[in-house]
Amino acid sequence: MIIDRAEVIVTSPDRNFVTLKLTTDEGLTGLGDATLNGRELAVVAYLKDHVVPLLLGRDAHRIEDTWQFLYRSAYWRRGPVTMAAIAAVDMALWDIKGKAAGMPVYQLLGGASRNGLLAYGHASGKDNEALFDSIRSHQEQGYKAIRVQTGVPGLKSIYGIASNATYEAMEGVRYDHEPAQRGALPNEEDWDTRSYLRHVPTVFEAVRNEFGPELPLLHDAHHRLTPIQAAKLGKSLEPYDLFWLEDVSPAENQEALRLVRQHTTTPLAIGEIFNTVWDYQQIIREQLIDYVRSAVTHTGGISHLKKVLDYASQYQIKSGMHGPTDISPVGMAAAMHLGLSIHNFGIQEYMQHGAKTDRVFQQSFTWEGGFLHPGDRPGLGVELDTDEAGKYPYVQAYLPYNRLADGTVHDW
Ligand code: CS2
Ligand code: MG
């Protein structure tokens, strides 16, 4: 069964998505997500100009060989663009193999290791009152675990908060749902670590007082702290028993996490901007994290992320796959199939896509009682309506960036 057609489909219903669609000479199709937020067109070019010519005529069943061929024959390895492109091919080939076998992909990965996938949603508020409302609305939507992001007094706009200036200006495009703002240039945001470190523990104290000790709570520091600031935050949040504290410090400096570990037992999650197992070697081997945050879409696909998670399982480190709206429904489906089959599943991030996106991507997953399930359709269980997709051409959008009070650029 050979690959005889490869299309790169770009659509922008509620946000930009890049999807690879492979078709075989037997008429089977496979989809792969290649969406890299704010740099989508770089992956489109990598796929169209460099990868597609290499796929036509290949045996669609040889997933691992195709993975190794694309990774090693490129000579230039790793990195977000390369690994998102390879991920899309990998997902599409697993989708085709599932359809050829008449099985959902999780069955090919060893079958289900659980009945469903605990998922968390994003509650946020510029103040505690708005935050409490957001937590309650997520509980009403069925979420049994909730990420808490809060405004910080003195800061105009901050990552992950629905109600801020930019949101009002965007006529209803929820900022916490889509941080990449459509427009010619990225938005500049302000940041101050000391006010953040003073404020966040008070918010978690208030949330615990309001919602009690059981509710699993997560928080994303979004790469903004120095190692000692990260240690301080982890320690100050210990009384509130977080499920995890995410991306505490820019993870290029991996040994920095030793300092964080020295000072706090708050569980650490890292990896959404990682792309290969080599980005994890030290922090897994030295037990410096508790959750692997990679998404299938950004880590070389199902084949490679499974290798990362198998390595992590030897250290009792669990999965916490990245699942914001910039992971397309295809990428989310792949995450659910992998998450259902592995032993060391921890939790799945689940931000719900918009109505237009759900019309472009027909999905078969279920969301019940706080748990996701990929469904039992052969393959990944997602189909793309190309006519519907054609209604929404690409729109330039950038993620924001930060500047400190003195004008210094800072991690966003
Ligand atoms: C975030 C993302 O969901 C998360 O944990 O870190 O929202 C992230 O900011 C976006 O995916 C960036 O594109
Ligand atoms: Mg994050």
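Which residue in E2 does Ile9 stand opposite? The legends below take up this question and a few others. This is a predicted model, in which local features need pLDDT of at least 70, side-chain atom pairs count only at pLDDT 80 or more, and totals for chains, interfaces and linings use all residues. Residues are numbered from 1 along each chain as its sequence is written, chains are lettered from A and ligands numbered from 1 in the order in which they are written, and side-chain values use heavy atoms, leaving out hydrogens and water.

**View 1. An open sheet of three strands runs in the order E1-E2-E3, with antiparallel pairing.** Strands (E, at least two residues) and helices (H or I, at least four) are DSSP runs, numbered from the N terminus; two strands pair if DSSP finds at least two bridges between them. Strands E1 (3-11) and E3 (29-33) stand at the edges with a single partner strand each, so one side of each has no neighbour in the sheet.

**View 2. E1 pairs with strand E2 (residues 17-24) over eight antiparallel bridges.** Here is the residue we asked about: Thr19 in E2 stands opposite Ile9.

**View 3. Glu246 and Glu272 are both buried.** Buried means under 20% relative accessible area, exposed over 50%, and partly exposed in between (1.4 Å probe, protein chains only).
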